[in-house]
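Here is a short walk through one protein model, written for someone meeting it for the first time. Have a look at the chain below, and then we'll go through some of its parts.

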Amino acid sequence: MSALPIHAVLPDLLAALRTGSNAVLVAPPGAGKTTAVAPALLDEPWCSGQVLLLSPRRLAARAAAERIAEMLGEQPGGTVGYATRMDSKMSARTRLLVLTEGIFVRRIQDDPELTGVSAVLFDEVHERSLDSDFGLALALDAQEALRPDLRIVPMSATLDGARFAALLGDAPVIESEGRIQPLELRHIGRHAERRIEDEMAAAIRRAISEEAEGDLLAFLPGVREIERTAERIDGGPYDVHLLHGSLDPAAQRAAIRPSRAGAWKGILATSIAAVSYTHLDVYKRQLLHGSLDPAAQRAAIRPSRSGAWKVILATSIAETSLTIDGVRIVVDSGLARRPRYDRAAGVTRLVTERASQASATQRAGRAARQRPGVAYRLWEAAASAGMPPFDPPEILESDLSSLLLDCALWGVSDPGTLRWLDPPPAAAVAEARTRLTALEALDGDGRITPHGKALAKLPLSPRIAHMLVRAAEMGLAQTAADIAVLLGERGIGGQDTDLTLRLQRWRREGGKRADAGRALAKRWAGLVATPNRLAPLPLARGVGGGSVPANLATRPPLTPPASGRGTVSATEATGLCLALAFPDRVSKRRSADGADWASVGGRGFRLDPLSPLAREEWLAVGEVQGSAAGARILSAAPIGEADVLALFPDRIITSRTVRFRPANGGIEALRERRLGAVRLSSGSDDRPDPAAVAAALLDGVRQGGLDLLPWSEAAQSLRMRADFAGVEALSDAALIASLDEWLPPLLAGKRRLSDIDRSHLSGVLDGLIGWDGKQQVDRLAPPDFRSPAGSTHAIDYMADGGPRVELRVQALYGLAEHPTVGSARIPLVLSLTSPAGRPIQTTRDLPGFWAGNWRDVAKEMRGRYPRHPWPDDPTAAPPTLRTKRADARTRT
């Protein structure tokens, strides 16, 4: 075997691991860290057990194990094995096991001491997947408490070595220079208005015409784009291989298998290929993405035979940890599709977005792993600076339900106590805790329940595990397990929204991937099919171990169906199981065409009105995608209302609500039954709770203001006078503040505010202001003005311009000073009228009026009202409300 760049630093790494337990390895792409480091540890004196090499993806795990086994002259399953969810090869002789990060988390949970394991190597930790971060945190915790001899080595090409070294207790950082091959970057741009598939097909044809040799690897964001690009370059003198995560292992292997003589081979990839593997006249096309079976994925990354080139269309499965032999041309769309958790919507959505600078660098590096290469980029060079520098750590933007449950199983209620490079956000942890409590996995104190332990032991997310356990109690374990596979494996059974149809189609499907899925579902169903007996929990054909606790539930077993029928149809079973997994997504139709749905969790969903499901009244919804306001239903099944009610009897709330109606000052009493945000039934409540009625009226006054109450004129006057006098006891603020004290007694037996006795309201005011307060108000803001003529006139304290009195001008004869009120002696506004009550003058300065305008006014008034006195000097005349003749009779 030729020397790899990593061999230059292997002695330093081995020396560091002989004297310490941890080390950090930084090695650029192509250095050989994935295939060279782990085998080098097997002969170390401290390494008497297995070496676990963690890989971020199933394809990368299989490919690494096959390459290492080939280097040792063996087949996988001997000294070197691998373990993934749907494909594994290992034996009792296996000392180097390549496994996915999720499998490792299950293994260490079942065996915290990692019995028989000498070292754990975390490959491509720069990807910062949730399982990788969590697996590292658990390994460090186990090392500190149980296994100080356990060796832990994070490895990556773009690793932040200093941060990881600090996390590992100032571990030494070993850096490899790598093998640097010339790489030419060609930024060819793209037309934004054209579909990416058309632009990629054109770029691939251009690269084929411009380059004389080398295999071609094309990066696209997803499976749909890969397949459409493959259609557009079909018909040329080449075949195309797909490589993505949905392929079964056989198809993935086919994508890396040597091309036929005389054929060029192209690989269209999603970002699955930016991982550690490594010729165009005639191409053989290969697709590379996560939906392919393992054989097709292997074919995409296997070297071409002499004289043959290939084209691989791949997702990001090809970015890191995977070297595809022969590739020296890369065509990069500059796009990536990544899961993003929408906390407002409560779902994880696949979002197509610009790739990061780090990702683009990884992709371009695929072309120069073994010899000089060229990378075609579908964006302008200046646009690179606007791309995000790195992909964000998954822990910062993921649903943390599984993480929190696994932490609770580990004995840690607060994930923040573990050692993280980036601790989980507090808001995400709180949300996950709420969800797990609703699934009965955690108790009120955040401790794991027996049911939660059963969920954590299953290699599934908490929602899906909860479905499997509860469905087993109903005799639907196999259906639930089948649904779990369909929800986790894209493409199996087709793409129908109706999950029942997908399930039926999958059961008739042939092929290795379909068979592997059925075998996986059978294993999962076997874990819970006999809840009264401990069932073994194999992980990828025996990895890990452990068992499901006998007590799978914390409540009585569920018994289907709700209506008492003897059997459950396939459609009914699918709906029941989906409802168990996603109780908050159970939805009721709210539009006649079936396009709009209201979910128990409060979110609105959208469905294609042409879908047969649009005719149903209720749906158990599985997968959704889109914004919180109207996510699109991707998978669902019908469910009857009776079954919904039987599944969630403890969540159905019968409520009697009383609401205030400002329009009439009364109340509206309703009685309704709800399942979460879905209203099951409603109607008028003829006998509302008196306390609720009083509370609604009280709240109506609090929200609408005191003017809603039927104040008498005297009560309103008292409040106005108190306000003028500065007595706060009757102010709006004071009355609202003490509303709960004085208003409820007046509301007893009342259904409208207008029913309150006005005299009782006046009595309340008198009581609140007290005798002293009343005296102060009367003194500073008297209710009336008594004129020199002895007449009494109400003072309007709310009038514009200040307190106002209206009276006949003759009543003020003999008054030389202007009347005032209040401690500040505020002049009253005098509205002076004629004997007939018609206004003749308004003044705040009575002496000035007498000395000024009075002469003209008196002259006019003598002509109109000659029977009344109009003296030249009113200050010297006696006040009177009578005529001159009446005054004369009185004097005689």
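Two strands are said to pair if DSSP finds at least two bridges between them. Helices (H or I, at least four residues) and strands (E, at least two) are DSSP runs, numbered from the N terminus. With that in hand, take strand 6 (residues 117-122) and strand 7 (residues 151-156): they run parallel and are joined by 4 bridges. Within that pair, Ala119 sits opposite Arg151 in strand 7.

A word on where this comes from: it's a predicted model, in which local features need pLDDT of at least 70 and side-chain atom pairs count only at pLDDT 80 or more, while totals for chains, interfaces and linings use all residues. Residues are numbered from 1 along each chain as its sequence is written, and side-chain values use heavy atoms, with hydrogens and water left out.

Ser176 is found in the loop between strand 8 (173-175) and strand 9 (183-187). Is Ser176 buried or exposed? It counts as buried, because its relative accessibility is 7%; buried means under 20% relative accessible area, exposed over 50%, and partly exposed in between (1.4 Å probe, protein chains only). Not counting residues up to four places away in sequence, Ser176 touches several residues, including Pro5, Val26 and Ala31, where contact means heavy atoms within 4.5 Å.

Gln181 is in the loop between strand 8 and strand 9 too. Gln181 and Gly30 are 151 residues apart in sequence, yet 9.8 Å apart in space, C-alpha to C-alpha.

**Buried strands and their partners**

Strand 10 (residues 215-219) has 5 of its 5 residues buried, so the rest of the structure largely encloses it. Asp215, Leu217 and Phe219 are on one side, Leu216 and Ala218 on the other. In strand 24 (residues 618-621), Trp618 and Ala620 point one way and Leu619 and Val621 the other, and all are buried.

| Pair | Sense | Bridges |
|---|---|---|
| Strand 10 and strand 15 (residues 327-332) | parallel | 5 bridges |
| Strand 21 (residues 587-589) and strand 24 | antiparallel | 2 bridges |
| Strand 24 and strand 27 (residues 636-638) | antiparallel | 3 bridges |

Phe219 has Asp332 in strand 15 as its bridge partner. Ser587 stands opposite Leu619, and Val621 faces Ala636 in strand 27.

**Two packed helices**

Helix 12 (residues 401-410) packs against helix 14 (residues 450-457) at about 110°, with the axes 10 Å apart. Leu405, Asp406 and Leu409 in helix 12 meet Gly452, Lys453, Leu455 and Ala456 in helix 14.

Conventions:
Axes fitted to C-alpha atoms, helices over the stretch in contact; angles between N-to-C directions.
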